[in-house]
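Dear colleague,

Please find the structure below, handed over for your records. My notes on its aromatic residues follow.

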Amino acid sequence: MESFKNPQVIWFVLGFLFFLLEFAIPGFILFFFGVGAWVVAIILLFVDVSINTQLLIFLISSVITTLLFRKWVKQMVFTRKHTSELEDEFIGKTGKAETNIGPGSDGKVAFRGTVWDARSHDTIAKGETVVITGNESILLIVKSTKQAL
C-alpha cells in the first residue's frame, strides 16, 4: 500500500484514468493529458522534482503533444474505413428520441443501449421512433419515422 504514495505511481494511475475517460468523453483530448501524466511519471523515475515542476511538465507535455499529434493520430485512428464501418452499423437503423429534437435544437437519441447526441431537420417528440440517416463524427443525424413513411 505504501507504493501508492509514490508520485510516479500517482501520475501513472492519473494517466491511466485519463485514457479511460477518453472512452467515456470522446473528443481525443483527454488521451494527451494521459500522455502528459505518463511523461511526468517517467521523469520521476529518474529525477526527483517538486510538485510545481511536475505540474508544469504535465501541462507543457500535454499541450505540446495535443498540438503536435492530435490531428495526425486522429487521422490514423479514424480513417475512412472506420467511417464506413460506422455508417454500416448505424445508417438505416432505428432509435428512440430521449428528448425533443427539432431544426436548430439538437437532442438525444437512445440507440443500442447508449444515448447519443442527435440532430434533425424534422420536429421529433420525446419517445418517438427515429431513423438514423447519417452522422457527423459522434452526432447522429436522424429523421422522424412518421415522416419517413
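Is Phe-12 buried, partly exposed or exposed, judged by its relative accessible area? Please note that the model is predicted. With a relative accessible area of 42%, Phe-12 is partly exposed, because that class lies between the 20% limit for buried and the 50% limit for exposed. Phe-12 lies in helix H1.

Phe-12 also contributes to a nonpolar surface patch of about 680 Å².

As regards ring contacts, a pair of aromatic rings is described by the distance of the centres and the angle of the planes. Eight aromatic pairs are present in the structure. One of them joins Phe-12 and Trp-38: the ring centres are 4.9 Å apart and the planes meet at 5 degrees, so the pair counts as stacked. This pair links distant parts of the chain, since Phe-12 belongs to helix H1 (residues 7-24) and Trp-38 to helix H2 (residues 30-46), 26 residues apart. Trp-38 is partly exposed, at 28% relative accessible area.

A further aromatic pair, Phe-31 with Phe-32, is edge-to-face, with 5.1 Å from centre to centre and 90 degrees between the planes. Phe-31 is partly exposed at 26% relative accessibility, whereas Phe-32 is buried at 2%.

Finally, ring pairs link Phe-12, Phe-19, Phe-31, Phe-32 and Trp-38 into a cluster.

Yours sincerely

Key
Residues are numbered from 1 along each chain as its sequence is written. This is a predicted model: local features need pLDDT of at least 70, side-chain atom pairs count only at pLDDT 80 or more; totals for chains, interfaces and linings use all residues. Side-chain values use heavy atoms; hydrogens and water are left out. Rings of Phe, Tyr and Trp (its six-membered ring) pair if their centres lie within 6.5 Å; planes under 30 degrees apart count as stacked, over 60 as edge-to-face and the rest as tilted. Helices (H or I, at least four residues) and strands (E, at least two) are DSSP runs, numbered from the N terminus. Buried means under 20% relative accessible area, exposed over 50%, partly exposed in between (1.4 Å probe, protein chains only). Patches are made of residues with over 30% relative accessible area and no salt bridge: like charges are joined within 9 Å, nonpolar side chains (Val, Leu, Ile, Met, Phe, Trp, Tyr) within 5 Å. Accessible areas come from the Shrake-Rupley method with a 1.4 Å probe; for residues, only the protein chains shown count as cover. A salt bridge is a side-chain nitrogen of Lys or Arg within 4 Å of a carboxyl oxygen of Asp or Glu.
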